[in-house]
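Dear colleague,

I am handing over the structure below, and my notes on its salt bridges follow it.

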Amino acid sequence: MKKVLLILLAVILVGCSGEGTEKKKEAEKEEVVTVKFEEVDSESKATVEKFAKDYNAAVDLFKQVQPVELVKIPEPITNELNDFSQILLDTDFKEYKGHYKLVAKYNKDKKIIGYNVSVEGLPEKEVNEEGEEWQEGITSAVLVAQVLGLDLDKFSESLGEAEEKKGTHSYTDSNYKVTNLFADLKSGKFEFNFELTK
């Protein structure tokens, strides 16, 4: 994905200027735990609000360098948590068929434990060599890595390894375990997990 390297380069220049659910028996119904954002641990609430502001600022800066259609996280954040996951952004691609979702993840104590970007786009065989058809989703993940203060070179290397083997690649950077999941790349689905380690 040559386009990923261009995206990373653009993000660096700007800086200088969920997974499937388990199936249960048909008779059983899963209970969804719903929590209002106001009930979240106060430090975590402030962390997620700051993350949203920083992400939106990164989107504005990125648009000045690259003409990629990116959507901002709606503010103020009011979304409830369902099963300790809070959708911050769920949007369709502007140029191509597909969508991406950015989620904040919490533990049972309602404390933030990380973020996830999931992408569903065109199947791999319908994507050009540069991966332009997936660009909005990948760029969102790159901006999450940037906002979290992660090393973008390490992120790019991990992404490349996961893509090459059409599997999963994980590494630790700062306070985060980063996992790039590309096992379902042929169908145009992939994810980026950013899990707090401390």
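In which helix do Asp54 and Lys50 both lie, and how many residues apart are they? Both belong to helix α2 (residues 42-65), 4 residues apart, or about one turn of the helix; helices here are DSSP runs of H or I with at least four residues, strands are runs of E with at least two, and both are numbered from the N terminus.

Please bear in mind that this is a predicted model, in which local features need pLDDT of at least 70 and side-chain atom pairs count only at pLDDT 80 or more, while totals for chains, interfaces and linings use all residues. Residues are numbered from 1 along each chain as its sequence is written, and side-chain values use heavy atoms, with hydrogens and water left out.

The structure holds 5 salt bridges, each defined as a side-chain nitrogen of Lys or Arg within 4 Å of a carboxyl oxygen of Asp or Glu. One of them joins Asp54 to Lys50, with the closest N and O atoms 2.6 Å apart. Lys50 counts as exposed because its relative accessibility is 52%, whereas Asp54, at 29%, is partly exposed (buried is under 20% relative accessible area, exposed over 50%, partly exposed in between, with a 1.4 Å probe and protein chains only).

Another salt bridge is formed by the side chains of Glu75 and Lys53, at 3.1 Å from N to O. This pair links distant parts of the chain, since Glu75 sits in the loop between α2 and β2 (81-82) and Lys53 in helix α2, 22 residues apart.

Glu124 and Lys166 also meet through their side chains in a salt bridge (3.1 Å, N to O).

Best regards
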